[in-house]
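We will go from one selection to the next.

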Amino acid sequence: QVQLVESGGGSVQAGGSLKLSCVGSGYTFDAYYMGWFRQVPGKEREGVAVISRWGGGTYYGDSVKGRFTISRDNAKNTIELQMNRLRPEDTAMYYCAAGRVSLGGDWWLRNPSGTDYWGQGTRIAVSS
């Protein structure tokens with residue numbers, strides 16, 4: 001049974017930092033790209049950050065470039081998202097995701113429908 005379990009969500013003031021973590025199980029972790037996507041009510045899910053199977057490639061949404069950093073540890077089946085200089089518009093439900101992604105990380109970032117597995121989500125609230 002595939003599981004993606006996120007942790008690290010919460011509330012923070014604008015300008016602050018948070019780190020999200022996700023542990024994957026039930027599948028071959030290093031065979032999949034991993035990523036973070038986010039969604040607010042009434043809007044489509046959007047790509048935040050994606051990392052390739054062995055971490056050699058990272059891809060970021062335009063609004064988070066320079067502020068967020070994605071990383072992975074295949075020995076621990078874990079990915080993390082370090083979020084700095086948070087803004088109120090970063091408020092959303094953040095989802096960990098896994099994808100085989102034959103078309104590459106940048107494609108997946110812009111096409112969340114390419115996801116094979118989703119976590120349950122963790123909420124981030126940034127106050128001004």
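Which ring does the charged end of Arg45 sit over? Select Arg45 and Trp118: the charged end lies over the Trp118 ring, 4.4 Å from its centre. A charge sits over a ring here if NZ of Lys or CZ of Arg is within 6 Å of the ring centre and within 35 degrees of the ring normal.Before moving on, a note on the model: it is predicted, local features need pLDDT of at least 70, side-chain atom pairs count only at pLDDT 80 or more, and totals for chains, interfaces and linings use all residues. Residues are numbered from 1 along each chain as its sequence is written, and side-chain values use heavy atoms, with hydrogens and water left out.

**Aromatic rings**

Next, select Tyr27, Phe29, Tyr32 and Tyr117, which form one aromatic cluster. Rings of Phe, Tyr and Trp (its six-membered ring) pair if their centres lie within 6.5 Å; planes under 30 degrees apart count as stacked, over 60 as edge-to-face and the rest as tilted. Searching the whole structure gives 7 aromatic pairs. One of them joins Tyr27 and Tyr32 edge-to-face, at 5.0 Å centre to centre with 80 degrees between the planes.

Now look at Tyr27 with Tyr117: the ring centres are 5.5 Å apart and the planes meet at 45 degrees, so this pair is tilted. The pair links distant parts of the chain, 90 residues apart: Tyr27 is in the loop between strand E3 (18-25) and strand E4 (33-39), and Tyr117 is in strand E10 (residues 117-118). Strands (E, at least two residues) are DSSP runs, numbered from the N terminus.

Is Tyr27 buried or exposed? At 13% relative accessibility, Tyr27 counts as buried, whereas Tyr117 is partly exposed at 26%. Buried means under 20% relative accessible area, exposed over 50%, and partly exposed in between (1.4 Å probe, protein chains only).

**Thr91**

Move to Thr91, in the loop between strand E8 (78-83) and strand E9 (92-99). Its side chain reaches the backbone oxygen of Pro88 at 2.9 Å and the backbone nitrogen of Val126 at 2.8 Å. Leaving aside neighbours within four places in sequence, Thr91 is in contact (heavy atoms within 4.5 Å) with Val40, Arg123, Ile124, Ala125 and Val126.

**Strand E8**

Finally, switch to the cartoon view and find E8. E3 and E8 pair (at least two DSSP bridges) in the antiparallel sense over 6 bridges; select Leu18 to find its bridge partner Met83 in E8. Strand E7 (residues 68-73) also runs antiparallel to E8, joined by 6 bridges, and Ile70 has Leu81 as its bridge partner there. E7 and E8 form a hairpin with 4 residues between them, and Asn77 in the turn has a positive phi of about 55 degrees.

Definitions and conventions: Polar contact = N/O pair within 3.5 Å; in protein donor to acceptor, adjacent residues only side chain to side chain.
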